[in-house]
Amino acid sequence: MASRVASSTSRAVLTLALGLPLLALALAPAVLAVGSPQGDSAAAWPGTWNAYRFTDGSAVIDAENEAGISPPSVDISSNGETNASVFLASDGTNVFFRMRLLGTPVDAAKGGFDSTFWLVQIATASDDTVRAVVGLNGKPVSTDYVYVTNAAGTATTVIYETPFDASGGQDSRGARGLSDGSGQYFADFQIPLARITSASGGAITGSTPVKVFFGSSRAANLATINKDYMTGSGVSFAGLESVALNTGAPTPTPTP
């Protein structure tokens with residue numbers, strides 16, 4: 001009798017154990033997307049990018065090896081001042097940001113990226129006031145992430161996290177580091193446009209004319225640039241073109 005009870009108990013435990021994967025599969029659709037605490041889905045990377053420019057039509061080109069800027073992963077570059085340094089693209093729903101770097105941003109041994117963050121301040125073009133900041137934070141020890149925050153850097157939302165996907169450590173959902181083909185590197189990340197609108201308190205929509213300023217940092221505040229600026233030695237929106245985030249392209253010049 002005891003033997004039959006033990007056998008029945010064993011079968012029950014085995015049936016329960018075998019049933020757990022099926023239960024997990026049944027619940028899977030309700031789970032947030034892997035790598036996205038907010039449930040956002042990273043989009044395919046764009047095939048073409050728009051170099052960010054000045055109002056005179058010239059591309060933003062930042063010289064590398066500037067005094068006091070190290071390591072190479074924080075140095076916004078231009079391959080000998082011959083190539084654009086920063087880029088934008090959009091699919092109408094997501095905004096893609098790219099900056100050229102002297103050294104690789106990837107450090108797969110610690111969460112995916114170097115202990116730096118690369119960020120873009122987004123200002124309304126009408127008054128050059130920063131309304132939101134987006135970036136890729138590689139400072140955490142184990143889990144790096146793409147984020148959006150308000151202008152003060154006091155209300156940060158994590159959009160995508162590492163670990164990397166199956167592409168060999170170079171491409172994560174929502175962020176990647178890759179060669180530019182000329183011995184330098186790109187750091188790319190993407191943000192859903194709706195998240196930028198929310199962080200800006202509604203001041204920035206897809207069609208709002210904005211100006212953007214790229215930089216790198218190791219500051220405590222995720223809205224602050226303190227390593228390399230895409231132009232000069234401080235943030236200045238003077239002379240930068242106005243773009244719309246739903247296209248990643250310049251906005252039409254208003255008729256006087």
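Reader: Which residue does Asp40 meet in a salt bridge?

Author: As a bit of background, side chains of opposite charge can pair when their charged atoms come close. For Asp40, the N to O distance in the pair is 3.0 Å, and the partner is Arg195.

Reader: How many residues apart in sequence are the parts that Asp40 and Arg195 tie together?

Author: Asp40 sits in the loop between helix H1 (2–27) and strand E1 (50–51). Arg195 belongs to helix H2 (residues 193–199), so the pair ties together parts of the chain that are apart in sequence by 155 residues.

Reader: And how does Arg195 count: buried, partly exposed or exposed?

Author: Buried means under 20% relative accessible area and exposed means over 50%, with partly exposed in between. Arg195 has 25% relative accessibility, so Arg195 counts as partly exposed.

Reader: Okay, zooming out for a second. How many helices and strands does the protein have, and what share of its residues count as buried?

Author: The secondary structure comes to two helices and 16 strands. The protein has 256 residues, and the share that counts as buried is 46%.

Reader: Where does pLDDT stay under 50?

Author: The mean pLDDT of the protein is 85, and 81% of the residues reach 70 or more. Where pLDDT is low, the predicted coordinates should not be read in detail. One stretch where pLDDT is below 50 is residues 166–170, which has five contacts beyond near neighbours in sequence. Another has six contacts beyond four places in sequence, and that one is residues 1–34.

Reader: Back to salt bridges. Which residue forms one with Asp188, and what is the distance between the closest N and O atoms?

Author: Asp188 lies in strand E12 (residues 185–192) and its partner in strand E3 (residues 94–101), so the pair ties together parts that are 90 residues apart in sequence. The partner is Arg98, and the closest N and O atoms are 2.8 Å apart.

Reader: Which residues are linked with Asp188 in a network of salt bridges?

Author: The structure holds seven salt bridges. Some of them join up: the network that includes Asp188 also takes in Arg98 and Arg176.

Reader: Why does the salt bridge of Asp180 and Arg100 tie together parts that are 80 residues apart in sequence?

Author: The two side chains meet at 2.8 Å, N to O. At 15% relative accessibility Asp180 counts as buried, and Arg100 counts as buried at 6%. As for the 80 residues, the reason is where they lie: Arg100 is in strand E3, and Asp180 is in the loop between strand E11 (175–179) and E12.

Reader: What about rings: how far apart are Phe97 and Phe189, centre to centre?

Author: The structure holds nine aromatic pairs. In this one, Phe97 in strand E3 and Phe189 in strand E12 link distant parts of the chain, 92 residues apart. Phe97 counts as buried at 0% relative accessibility, and Phe189 does at 1%. Their planes are 20 degrees apart, so the pair counts as stacked, with a centre to centre distance of 5.3 Å.

Reader: Last one: what is the phi of Asn65, roughly?

Author: Asn65 is in the loop between E1 and E2. With 61% relative accessibility, Asn65 counts as exposed. Asn65 is not a glycine, yet its phi is positive, at about 60 degrees.

How values were computed:
Residues numbered from 1 in each chain as written. Heavy atoms only, no water. Helix = DSSP H or I, 4+ residues; strand = E, 2+ residues; numbered from the N terminus. Buried < 20%, exposed > 50% of the residue type's maximum accessible area, 1.4 Å probe, protein only. pLDDT = per-residue confidence, 0-100. Contact = heavy atoms within 4.5 Å. Salt bridge = Lys/Arg side-chain N within 4 Å of Asp/Glu carboxyl O. Phe/Tyr/Trp six-rings, centres within 6.5 Å; stacked < 30°, edge-to-face > 60°.
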